[in-house]
Amino acid sequence: MKVGIDKIGFYTPNKYVDMVDLAHARGDDPNKYLIGIGQKQMAVADQTQDAVSMGINATLKYLDQIDKDKVGLLVFGTESSVDQSKSASLFVKSALHLRPEVRTFEVKEACFGLTAGLIIARDFVRVHPDETAIVIGSDIARYGVATPGEVTQGAGSISVLVKSDPAILTLNDGHSAYSEDINDFWRPNDSKLAMVDGKYSTQVYLQFFENVFNQYKKDRKLETKDFDAIIYHLPFTKQGLKANRLAVEDQDETTKKRLEDSFEASKQLSMEVGNIYTASLYLSLLSLLEKSDLAADSLIGLFSYGSGAMAEFFSGNLVDGYKSQLDPEGDEAMLARRQRLTVKEYEDTFNKALEDPKDGEVLESDEVAGTWYFAGTENYIRQYKKK
Ligand code: CAA
């Protein structure tokens, strides 16, 4: 039975900071950010957008196209969770009016969370072929104002529907995984800002990529030239470019060009959004599908990396007619609606969002109608409202 991704929904908040503005403010050469890091813009979440609200908004992009009574599983992967105990997915389930029988929970392994959920969902649908699963990755990447990691922040969510006979991507059997207990990136319970050993993190990402990519090819008896595209977790697009260079070195010119072109398409949305941790690889997938013209049955390799660290390589084949499931105009309009913040406005918005509102304070959103947002706490219980 074929199981895989049937729908993809994407949400990013309504504010961004431009990388050239940021470079000027930090006294850096803009080309360091544009070329050296490979980012053009960075999404900024204000106090009213968090992992939960963004996850609801991403799922709403396709919710009216699915049979809600068939959803048997809802998994929420996040690094930026909102509660130490209650799963983010329960807030989502309530907002979306999913049935009480749905099995739902949150998973954590840095940026690996959506992939973990996707694999669980694939296996769930294999056992329950008449049911579907919603898997959400939703994150705000925060390193702090004027830190080295600042240019690699971002905010957004991707939600996917997993079902049998999917309309977008069939997930293939098999995977290669690799994990090691290391300290490249972590976030203590009392900190809203991530801690990172930046240079080390960029090196281990590449080592893990080589491990799982080579192992996958060996196990599946595949060669690099068999892939029509390889996509990556993109903490910033230059990182993926470095991995893709490793993938294509020593390849013939045709393979090299094909994988370079597909990488180029896959990084476009990330360049305007920034790092969205768990959802980043799937933003690459969405970008690839929207910005290239791959044929049905194309083989796509996916590299997932979560610091700490856990990596996995797996693959899928595109389903005939997949383009009809996408909404590139809608995604473009969502990016175009964003307000360009000055660096001062970004800093104020960023710092304000680090604060918890006073209990009982009611927050208002400046988003468009229909968007869900965090409206403050009542008795320290988080309240989510629709604009
Ligand atoms: N023109 C063009 N390029 C320029 C330039 C200019 N004027 N000035 C500098 N550059 C280039 C540098 O040569 C360098 O390129 P290479 O990497 O190819 O050598 C690049 O710009 C970055 O320069 P630096 O290394 O000097 O940058 P930095 O010290 O400010 O730090 C960073 C960069 C380590 C990525 C930092 O932003 C960081 O710590 N980010 C957060 C950690 C991160 O994202 N790690 C990724 C792997 S971990 C992961 O994937 C999990 C996750 O999501 C966090």
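**View 1. The shell around the ligand, by residue class.** The shell around the ligand has 11 nonpolar, 9 polar and 5 charged residues. Here Ala, Val, Leu, Ile, Met, Phe, Trp, Tyr, Cys and Pro count as nonpolar, Asp, Glu, Lys and Arg as charged, and the others, Gly among them, as polar. The model is predicted: local features need pLDDT of at least 70, side-chain atom pairs count only at pLDDT 80 or more, and totals for chains, interfaces and linings use all residues. Residues are numbered from 1 along each chain as its sequence is written, and side-chain values use heavy atoms, with hydrogens and water left out.

View 2. P148, S201, H233, K238 and K242 come nearest, out of 25 residues around the ligand. A residue is near if one of its heavy atoms lies within 4 Å of the molecule. Three helices, α2 (30-37), α6 (198-220) and α7 (237-248), each supply at least two residues of the shell. Helices are DSSP runs of H or I, at least four residues long, and strands are runs of E, at least two, both numbered from the N terminus.

View 3. In the side chain of K242, an N or O atom is 2.5 Å from a ligand oxygen. The side chain of N275 has an N or O atom 3.0 Å from a ligand oxygen. Taken alone, the ligand exposes 1,100 Å², and the protein buries 73% of that. Accessible areas come from the Shrake-Rupley method with a 1.4 Å probe.

**View 4. A cis peptide bond in a loop.** The bond joins G308 and A309, with omega about 5 degrees. A309 lies in the loop between β13 (299-306) and β14 (310-318).

**View 5. A positive phi at D297.** Phi is about 75 degrees here, although D297 is not a glycine. D297 belongs to the loop between α10 (280-291) and β13.

Conventions:
Polar contact = N/O pair within 3.5 Å; in protein donor to acceptor, adjacent residues only side chain to side chain.
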